[in-house]
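Please open the structure in your viewer and keep the selection tool at hand.

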Amino acid sequence: MIRTILSRRSIRRFRPGEVGEEVISLLLQCACAAPSAANSRPWHFIVVTDRQVLDRMADAHPYGKMLFQAQLAIVVCGDPTKNDYAARYWEEDCSAAMQNILLGATALGLGSVWLGVKHSPEREAAMRMILSVPDHIAIMGIAAIGHPDEEKEPHRGIDEGVVHRDRW
C-alpha cells in the first residue's frame, strides 16, 4: 500500500485501451470505502465512458484536455442537503473518495489525474449542463482515468519546512 501511495502521480497522457466494468466497479468500491463525517457518505459518482461526453467535458474544462484521450472519467459530486454533517463536511468527504479513486487506479496499473471543478463557477456550470447534474448536488471534481502513456518517478522524501513538532 505504501508503494501505491508514493507511486501515485498525476498522469495526463493516455494510450488507447478499454477500462472494463470490473475495474470501474473496483474504483467505485474504493471511493465508497473513504471515511466521511459521521459516516454520512454524501457522495455521488458519475461514471463517464461515452467518447462524445468525454470530449465535451474536455472542451469545457480549461485544464481537462487529457479527457480527449482518457477512457474513463469519474465525476465526484456531493449532496450537502443530505444531513447536517454532509452540509459541513461534504468537500472533505468527497476529497477522500477522490483520493481513493486515484490510489485505486494506481494500484490497478492505470493513470489518473484530479481535475478541480468546485471552486470555478464556470467549470461547475459547464459540467452541470453536460452531465445533467441536479441543482442541489455540488460537483467537486473529475478523475480522468486511462492506460498511462507516460511514466513518472515515485514521490520521495518529505517536503522541506512543512513538518513541525509539538508546536509551530
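A residue counts as buried when its relative accessible area is under 20%, as exposed when this is over 50%, and as partly exposed in between. Keep in mind throughout that this is a predicted model.

Begin by selecting Cys-30, which has a relative accessibility of 28% and is therefore partly exposed. The structure as a whole holds 0 disulfides.

Next, select α3, which spans residues 51–60, together with helix α5, residues 121–131. Their axes come within 10 Å and cross at roughly 165°, so the two helices are roughly antiparallel to each other, and the crossing is right-handed. To see the contact itself, show Val-53, Arg-56, Met-57 and Ala-60 on α3, and then Ala-126, Met-127, Met-129, Ile-130 and Leu-131 on α5. Sorted by class, this contact has 8 nonpolar residues, 1 charged residue and no polar ones.

Finally, select Tyr-63, in the loop between α3 and β3 (72–78). Tyr-63 is exposed, with a relative accessible area of 57%, and, leaving aside residues up to four places away in sequence, it touches Leu-115 and Arg-123. Try the distance tool from Tyr-63 to Gly-116: they are 53 residues apart in sequence, with their C-alpha atoms 8.8 Å apart in space.

How values were computed. Residues are numbered from 1 along each chain as its sequence is written. This is a predicted model: local features need pLDDT of at least 70, side-chain atom pairs count only at pLDDT 80 or more; totals for chains, interfaces and linings use all residues. Side-chain values use heavy atoms; hydrogens and water are left out. Helices (H or I, at least four residues) and strands (E, at least two) are DSSP runs, numbered from the N terminus. Buried means under 20% relative accessible area, exposed over 50%, partly exposed in between (1.4 Å probe, protein chains only). Contact means heavy atoms within 4.5 Å. A disulfide is a pair of cysteine sulfur atoms within 2.5 Å. Axes are lines fitted to C-alpha atoms, for helices over the stretch in contact, and angles run from 0 to 180 degrees between N-to-C directions. Angles under 35 degrees count as roughly parallel, over 145 as roughly antiparallel, 65 to 115 as roughly perpendicular and the rest as oblique. A crossing is left-handed if the near helix is turned anticlockwise from the far one by less than a right angle, and right-handed if clockwise. Ala, Val, Leu, Ile, Met, Phe, Trp, Tyr, Cys and Pro count as nonpolar, Asp, Glu, Lys and Arg as charged, and the others, Gly among them, as polar.
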